[in-house]
Amino acid sequence: GLVLMMTVGGWFPSGGMQDPDSPTAFFPHALDVAHHMVLPEVTLVAVLYGQYQLVMRASLLEEMHADYLTTARAKGLRDDLVRRRHALPNALLPTVTQVFMHLGLVVSGAVTTEAVFSWPGLGQLTYEALKVKDLNLLQGIFIVLVLAVVVMNFLADALLRVLDPRVRAS
């Protein structure tokens, strides 16, 4: 976030959620908030994108040596078709799990991002509660964060049941 503020901070606002003198009409206000949202969002995405890419690549490389793919190639299917229709859906399963686990953790990972960009939210509230040592507020925030992780893990399990027939059978 700090590197983005130093490099492209002149093009995008680097603090707050909106300009103090922003218009109150819906569309201009939404554009102002979206303009302020660019740097925090790019920061959050940049941190997670590399992890998704590495997990997907490793999963796909492991899947490409499976016996059923050798059989599909032996039947005469083109390699790109084998990769897209057979290997990709199975290689996608760990990435889907990781995405949903990160959705729950993004709420807690936004603490630093919101503090850096002065963005009002749960992260900023956590930061303020830590500064004034408000333990009751911190406990409430941590319960919300834990619930977000648990709900996202439940949704990941439910989605894996839909995507993977092997999970449905068990």
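**Overall architecture**

In what order do the elements of the protein run from the N terminus on? They run α-α-α-α-α-α-α; the protein has seven helices and zero strands. Helices (H or I, at least four residues) and strands (E, at least two) are DSSP runs, numbered from the N terminus. The radius of gyration is 22 Å, well over the 15 Å that the globule rule gives for 170 residues, so the protein is more spread out than a compact globule. This radius is taken over C-alpha atoms, and the rule is 2.2 Å times the number of residues to the power 0.38.

**Basis and confidence**

This is a predicted model, in which local features need pLDDT of at least 70 and side-chain atom pairs count only at pLDDT 80 or more, while totals for chains, interfaces and linings use all residues. Residues are numbered from 1 along each chain as its sequence is written, and side-chain values use heavy atoms, with hydrogens and water left out.

The mean pLDDT (the predictor's confidence in each residue, from 0 to 100) is 80, and 94% of residues reach 70 or more. Where pLDDT is low, the predicted coordinates should not be read in detail.

**Burial and exposure**

Of the 170 residues, 28% count as buried; buried means under 20% relative accessible area, exposed over 50%, and partly exposed in between (1.4 Å probe, protein chains only). Buried residues in helix 6 include Leu138, Ile141 and Leu145. By contrast, Phe27 lies in helix 2 (residues 26–63) and counts as exposed because its relative accessibility is 58%.
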